[in-house]
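Please find below a colleague's note on the model shown here. It is set out as numbered points.

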Amino acid sequence: MSRAHTTSGTFTVTSWEEKVVVDIDGEGTEINGVTYPKRGFSRADTTYTYSGDIEGTSTVAYLISYNEGFAPVTGFERFEGSIDGHDGSLVFQHVGDHDAEAVRATLTIVEGLGTGGLERMTGEATIELAGHSDDGYPITLSYDL
């Protein structure tokens with residue numbers, strides 16, 4: 001579906017707290033105090049800060065599966081701030097996957113959960129994150145208002 005507007009920004013990870021929910025084989029690996037199961041899933045509570053034409057903060061609840069090869073990721077993110085000068089809040093649904101190389105996801109605006117100038121916004125963004133970045137990650141949002 002073609003969208004009327006496209007905007008971009010950068011987001012940085014402000015906080016990330018991940019805990020194992022299920023470790024199927026009990027063969028998790030600990031890295032920097034966080035356990036990652038070989039097979040299973042965890043929950044990550046995360047906050048992001050956005051800058052650029054997308055300006056604000058967000059809170060995300062992820063469910064992250066771990067498996068060799070394809071491993072799905074899903075979550076909900078509540079964004080509060082401004083998108084192209086429209087102030088308010090909205091919720092993105094994240095659907096994607098990850099492997100040893102990168103995280104790929106589509107973020108879709110959940111209709112009916114917005115407020116203020118973002119209340120009627122619809123649209124989606126696709127992101128791909130490869131490795132850690134202190135400078136943030138690019139995001140491009142295609143939307144209708």
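1. Basis of the note. This is a predicted model, in which local features need pLDDT of at least 70 and side-chain atom pairs count only at pLDDT 80 or more, while totals for chains, interfaces and linings use all residues. Residues are numbered from 1 along each chain as its sequence is written, and side-chain values use heavy atoms, with hydrogens and water left out.

2. Helices (H or I, at least four residues) and strands (E, at least two) are taken as DSSP runs numbered from the N terminus, and two strands pair if DSSP finds at least two bridges between them. Strand S11 covers residues 137-144 and pairs with strand S1 (residues 5-23) in the antiparallel sense over seven bridges, with His5 standing opposite Tyr143. Strand S10 (residues 122-129) also runs antiparallel to S11, joined to it by four bridges, and here Ala125 has Leu141 as its bridge partner. The covered face of S11 holds Tyr137, Ile139, Leu141 and Tyr143, whereas Pro138, Thr140, Ser142 and Asp144 make up the uncovered one.

3. Aromatic pairs. Rings of Phe, Tyr and Trp (its six-membered ring) are paired if their centres lie within 6.5 Å, and planes under 30 degrees apart count as stacked, over 60 as edge-to-face and the rest as tilted. By this rule there are six aromatic pairs. Phe11 and Tyr48 form a tilted one, at 5.0 Å centre to centre and with 55° between the planes; this pair links distant parts of the chain, Phe11 lying in strand S1 and Tyr48 in strand S4, 37 residues apart. Both Phe11 and Tyr48 are buried, where buried means under 20% relative accessible area, exposed over 50%, and partly exposed in between (1.4 Å probe, protein chains only).

4. Why is the pair of Tyr36 and Tyr66 edge-to-face? The ring centres of Tyr36 and Tyr66 are 5.8 Å apart and the planes stand at 65°, so the pair is classed as edge-to-face. It too links distant parts of the chain, from Tyr36 in strand S3 (residues 34-36) to Tyr66 in strand S5 (residues 54-66), 30 residues apart. Tyr36 is partly exposed, with a relative accessible area of 25%, whereas Tyr66 is buried, at 15%. Elsewhere, ring pairs link Phe11, Tyr48, Tyr50, Phe79 and Tyr137 into a cluster.

5. Thr46. This residue lies in strand S4 (residues 40-52). Is Thr46 buried or exposed? With a relative accessibility of 2%, Thr46 counts as buried. Leaving aside residues up to four places away in sequence, Thr46 touches Val13, Ser15, Trp16, Ser58, Thr59, Val60 and Tyr62, contact meaning heavy atoms within 4.5 Å.

6. Phe70. Phe70 lies in the loop between S5 and strand S6 (71-83) and is exposed, with a relative accessible area of 55%. Not counting residues up to four places away in sequence, Phe70 touches Asp97 and His98. Phe70 and Asp99 are 29 residues apart in sequence and 6.3 Å apart in space, C-alpha to C-alpha.

7. Leu63. Leu63, a residue of strand S5, is partly exposed, with a relative accessible area of 42%.
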